[in-house]
Amino acid sequence: MSEEPIVDLAALGADFARDPHPTYAELRRQGPVHRVLLPEGFTAWLVVGYEEARAALSDPLLSNDWRNSPGVADTDDDPWSSPHMLISDPPRHTRLRKLVVREFTPRRVQALGPRVQKVTDELIDSMLARPDGRADLVKDFAFPLPAAIICELLGVPFSDRDKFHHWTTLVTKQWNGAEAEAALAELDDYLKTLLADKRVHPGDDLLSGLVRRREEDEDALSDGEMVGLSVLLLVAGHETTTSLLSNGMLALLRHPDQLSELRADFSLLDGAVEEMLRHSGPTGTSLHRFTTEPVRIGGRTIPGGGELVLIGNTPANRDPSRFPDPDRFDIRREAAGHLAFGHGIHACFGAPLARLEAKTAVRSLLERCPDLALDADPAGLTWYPSVMMRGLPHLPVRVRATSRTGS
Ligand code: HEM
């Protein structure tokens, strides 16, 4: 274990969750890599500089495999009973990713366009029908939209959304040890049962397709890998997009000049979504990486032997050496190159779907809700206490300016 001084991010509490950027700016001024204590309760090396983060994301000396972490390094156990590509290194990673990427063709994503629009319209209809003109943009829109789409794509019943959302939120945004581990086990069991059912009653969804292929080709995916993949796709397919929609809309609503420019000219939409990803993206850091041998990052040597390294997507995306005046939200800026979707072999392949959902959602909200406004003081909003995921449990908004008579 390293004797490096530790920056205690946990001690900053809710202030850090609400606005980590001043702390990250100070850390970046001091250097691109720091040893930190996280609100999640463990210590890690945190990479905060853009160039160093990008390089670290494709450094083969950093392993995603938990078997390289101290404690489990010498056993054959997989700490997660259901391995998946994000906790695997090549060659297992290559094999698992290839099997799914071929299901996520641009054509399949494009074909989802009308369905994404329909779900978006229905959710906006329900919000507009509220007598008081008020809504929680997370609960009423940003969660059910990507959840409905990933459920349809995977063949997971949308009627189970409250159940699985409770587990996936604990796993991604409220990691607190035992309770979150239990949630992960419940999610595993839930998907195990669902996959068993798909064996008997297959549909034309993606999970049924993988089950079918598995039965034709014994070598395709083990039982545990099938479950791991289903968990990963369900979690990654909606938790992140939910936070992109809510964090991104919050940024837009806090910048009325940018909001009116976008309303007046939707050719700015693609750039606006990229800027939401850069400025207010949902991924605070990468998932865990472990050193397999001493590794040089930003001129420092991190010891080998399973040191935990987190690569800071959020601080990298606010690095002034890459994005001038980085705290300014500017939908016209060149935001390309941001690390919100990661980089390297683990870069997000769901990005085209996330972008499709975000563009449809933002445009439809602005077109159909001309009076859309925040219904809370932004400084008083609660954020999830996670360094890995940046997200809001609630975002109160007014979807209509005036209440209906009698309400
Ligand atoms: C705004 C939405 C999204 C964001 C910001 C996002 C971000 C990311 C990031 C940063 C990674 C890499 C993590 C790391 O290197 O540790 C990743 C990986 C991944 N994402 Fe996404 N994601 C989003 C939406 C989606 C969607 C909609 C899906 C699926 C339909 C998805 C599926 C995956 C998968 C399977 C991986 C693992 C890839 C691998 O290990 O090779 N993501 N995502």
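Predicted model: local features only at pLDDT ≥ 70, side-chain atom pairs only at ≥ 80, totals over all residues.
Local features require pLDDT of at least 70 and side-chain atom pairs count only at pLDDT 80 or more, whereas totals for chains, interfaces and linings use all residues. Residues are numbered from 1 along each chain as its sequence is written, and side-chain values use heavy atoms, with hydrogens and water left out.

Helix 8 (residues 144–154) is mostly covered, with 10 of its 11 residues buried (under 20% relative accessible area, 1.4 Å probe, protein chains only). The buried residues are P144, L145, P146, A147, A148, I149, I150, C151, L153 and L154. Helices are DSSP runs of H or I of at least four residues, numbered from the N terminus. Just after helix 8, G155 adopts a positive phi of about 85°.

Helix 6 (residues 113–128) packs with helix 8, the two axes coming within 10 Å and crossing at roughly 140°. Axes are lines fitted to C-alpha atoms over the stretch in contact, and angles run from 0 to 180 degrees between N-to-C directions. On the helix 6 side, R115, V116, V119, T120 and L123 meet P144, L145, A148, I149 and E152 of helix 8, contact being defined as heavy atoms within 4.5 Å. By class, this contact of helix 6 with helix 8 has 7 nonpolar, 1 polar and 2 charged residues. Ala, Val, Leu, Ile, Met, Phe, Trp, Tyr, Cys and Pro count as nonpolar, Asp, Glu, Lys and Arg as charged, and the others, Gly among them, as polar.

In helix 11 (residues 206–216), L206, L207, S208, G209, L210, V211 and R214 are buried. These buried residues pack against helix 4 (92–101), helix 5 (106–111), helix 8, helix 10 (178–200) and helix 12 (223–253). At the start of helix 11, a side-chain oxygen of D205 reaches to within 3.3 Å of the backbone nitrogen of L207.

The axes of helix 11 and helix 12 lie 12 Å apart, at an angle of about 165°. Helix 11 and helix 12 are therefore roughly antiparallel to each other (an angle over 145 degrees), and helix 11 passes helix 12 in a right-handed crossing. L206, L207, L210, V211 and R214 of helix 11 make the contact with D223, M226, L229, S230 and L233 of helix 12. The residues of this contact divide into 7 nonpolar, 1 polar and 2 charged.

Note on methods
Buried < 20%, exposed > 50% of the residue type's maximum accessible area, 1.4 Å probe, protein only. Helix = DSSP H or I, 4+ residues; strand = E, 2+ residues; numbered from the N terminus. Polar contact = N/O pair within 3.5 Å; in protein donor to acceptor, adjacent residues only side chain to side chain. Parallel < 35°, antiparallel > 145°, perpendicular 65-115°, else oblique. Left-handed = near helix turned anticlockwise from the far one by under 90°.
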